[in-house]
Amino acid sequence: MAAAGGASVLADLRGDAWHVIAPEAVVERAPDLIIELHAEPISPAQAAQLRADWGALGGVPAVKSGRIAIVQGDE
């Protein structure tokens with residue numbers, strides 16, 4: 001992310017590399033891009049539904065601009 005000029009809005013969190021983030025925290029931190037990671041393959045329809053689910057947080061800049069990336073794979 002840093003190589004692309006970005007910074008994580010969750011950089012201040014400590015502990016495990018994975019965190020469950022409450023919707024209120026997403027709204028408060030207002031990311032410009034949301035990257036949702038999935039280790040297992042998902043269908044294009046499932047990916048579309050995951051993107052649509054973010055619509056509930058329509059005030060978040062990433063949601064407003066449609067910048068929601070669904071990344072698949074265990075790398």
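**View 1. Salt bridge between Asp 12 and Arg 29 in the predicted model.** The closest N and O atoms of Asp 12 and Arg 29 lie 2.7 Å apart. This pair links distant parts of the chain, since its members are 17 residues apart. Asp 12 sits in the segment before helix 1 (23–29), whereas Arg 29 belongs to helix 1 itself. The structure holds one salt bridge.

**View 2. The largest pocket and the residues closest to its centre.** The volume of the largest pocket is about 910 Å³. It is lined by 25 residues, and those closest to the centre are Met 1, Ser 8, Val 9, Leu 10 and Ile 35.

**View 3. Lining of the largest pocket by element and residue class.** Helix 1 and strand 1 (34–38) each contribute at least two lining residues. Strand 1 gives the most, with four residues. By class, the lining of the largest pocket consists of 18 nonpolar, four polar and three charged residues.

**View 4. Confidence of the prediction along the protein chain.** The mean pLDDT of the protein chain is 89, and 95% of the residues score at least 70. Among the elements, the lowest mean pLDDT is that of strand 1, at 91. Helix 3 (residues 61–64) has the highest, at 97. Where pLDDT is low, predicted coordinates should not be read in detail.

Technical notes
Residues are numbered from 1 along each chain as its sequence is written. This is a predicted model: local features need pLDDT of at least 70, side-chain atom pairs count only at pLDDT 80 or more; totals for chains, interfaces and linings use all residues. Side-chain values use heavy atoms; hydrogens and water are left out. A salt bridge is a side-chain nitrogen of Lys or Arg within 4 Å of a carboxyl oxygen of Asp or Glu. On a 1 Å grid over the protein atoms alone, a cavity is a set of points where a 1.4 Å probe fits but cannot get out, and a pocket is an open set with protein on both sides within 12 Å along at least five of seven lines; lining residues have an atom within 4 Å of a point. Grid points are joined across faces, edges and corners, and a volume is the space filled by probe spheres set on the points. Ala, Val, Leu, Ile, Met, Phe, Trp, Tyr, Cys and Pro count as nonpolar, Asp, Glu, Lys and Arg as charged, and the others, Gly among them, as polar. pLDDT is the predictor's confidence in each residue, from 0 to 100.
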